[in-house]
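Hello,

Here is the structure you will be taking over. Please open it before reading the notes below.

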Amino acid sequence: MAAPPVMSTDELQQFLADAFPSAVVPYVVEGINGTGIRMRLRVGEADSRPGGTVSGPSLMALADSAAWLAIVGQIGPVALSVTTSLHIDFLRKPALVDVVAIGTLLKLGKRLAVVEVAMYSVGSEDVVAKAQVTYSIPPR
């Protein structure tokens with residue numbers, strides 16, 4: 001059984017807002033547990049692209065943010081954890097609605113963490129994109 005996270009959803013939401021004080025954060029942390037995170041991208045006009053879909057860069061940013069917060073939720077507020085790799089597959093055209101990301105920790109080591117992120121359009125059970133994100137964790 002996985003250990004409980006060290007940060008709550010409210011603490012992660014505040015950590016995210018504090019990390020980007022000059023930006024409007026489009027993400028809502030909906031849940032955290034010992035194995036991962038659930039986040040929502042509130043899709044707005046800036047996330048749309050021709051054809052009435054959510055842009056690839058918006059999905060990549062959601063995957064990266066979900067991975068980052070999944071890790072931070074387990075190790076505490078380490079802002080200097082950085083992405084070392086992000087691989088994404090776009091599987092289906094997402095509707096222009098909110099997107100939910102489910103981030104699952106695959107590995108949480110002392111120096112590296114790997115998170116798999118599946119993304120879904122709200123109202124659909126089909127995965128629209130799937131990413132694997134690796135983060136480097138600074139020495140403590």
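What follows is a short account of what was found in it.

Please keep in mind that this is a predicted model.

Overall layout

The protein has two helices and eight strands. In sequence order these elements run α-β-β-β-β-α-β-β-β-β. The radius of gyration is 14 Å, and the globule rule gives 14 Å for 140 residues, so the protein is as compact as a globular protein of that length. The C-alpha trace spans about 45 × 30 × 25 Å along the principal axes.

Of the 140 residues, 42% are buried. Among contacts with a separation of 6 or more, 63% are between residues 24 or more positions apart. The protein has an accessible surface of about 7300 Å², and carbon and sulfur atoms account for 55% of that surface. As for charge, there are 11 positive and 12 negative side chains, with 8 Å between the centres of the two sets.

Helix 1

Helix 1 covers residues 9–19, and its buried residues are Leu12, Phe15 and Leu16. These three lie on the same side of helix 1, because the arc they cover around the axis is only 100°.

What do the buried residues of helix 1 pack against? Their partners are strand 1 (27–33), strand 2 (36–41) and helix 2 (56–75).

Leu96

Leu96 sits in the loop that links strand 5 (82–90) and strand 6 (99–108). Setting aside neighbours within four places in sequence, Leu96 has contacts with Val43, Ser48, Gly52, Thr53 and Val54. Ser121 is 25 residues from Leu96 along the chain, and their C-alpha atoms are 8.0 Å apart.

Pro139

Pro139 belongs to the segment after strand 8 (127–136). Pro139 counts as exposed because its relative accessible area is 62%, and the cut-off for exposed is over 50%. Between Pro139 and Asn33 there are 24 Å in space, C-alpha to C-alpha, and the two are 106 residues apart in sequence.

Regards

Conventions: Residues are numbered from 1 along each chain as its sequence is written. This is a predicted model: local features need pLDDT of at least 70, side-chain atom pairs count only at pLDDT 80 or more; totals for chains, interfaces and linings use all residues. Side-chain values use heavy atoms; hydrogens and water are left out. Helices (H or I, at least four residues) and strands (E, at least two) are DSSP runs, numbered from the N terminus. The radius of gyration is taken over C-alpha atoms; the globule rule is 2.2 Å times the number of residues to the power 0.38. Buried means under 20% relative accessible area, exposed over 50%, partly exposed in between (1.4 Å probe, protein chains only). Contact means heavy atoms within 4.5 Å. Accessible areas come from the Shrake-Rupley method with a 1.4 Å probe; for residues, only the protein chains shown count as cover. Lys and Arg count as positive and Asp and Glu as negative; His and the chain ends are not counted. The place of a charge is taken as NZ of Lys, CZ of Arg, CG of Asp or CD of Glu. The arc is that of the directions from the helix axis to the C-beta atoms.
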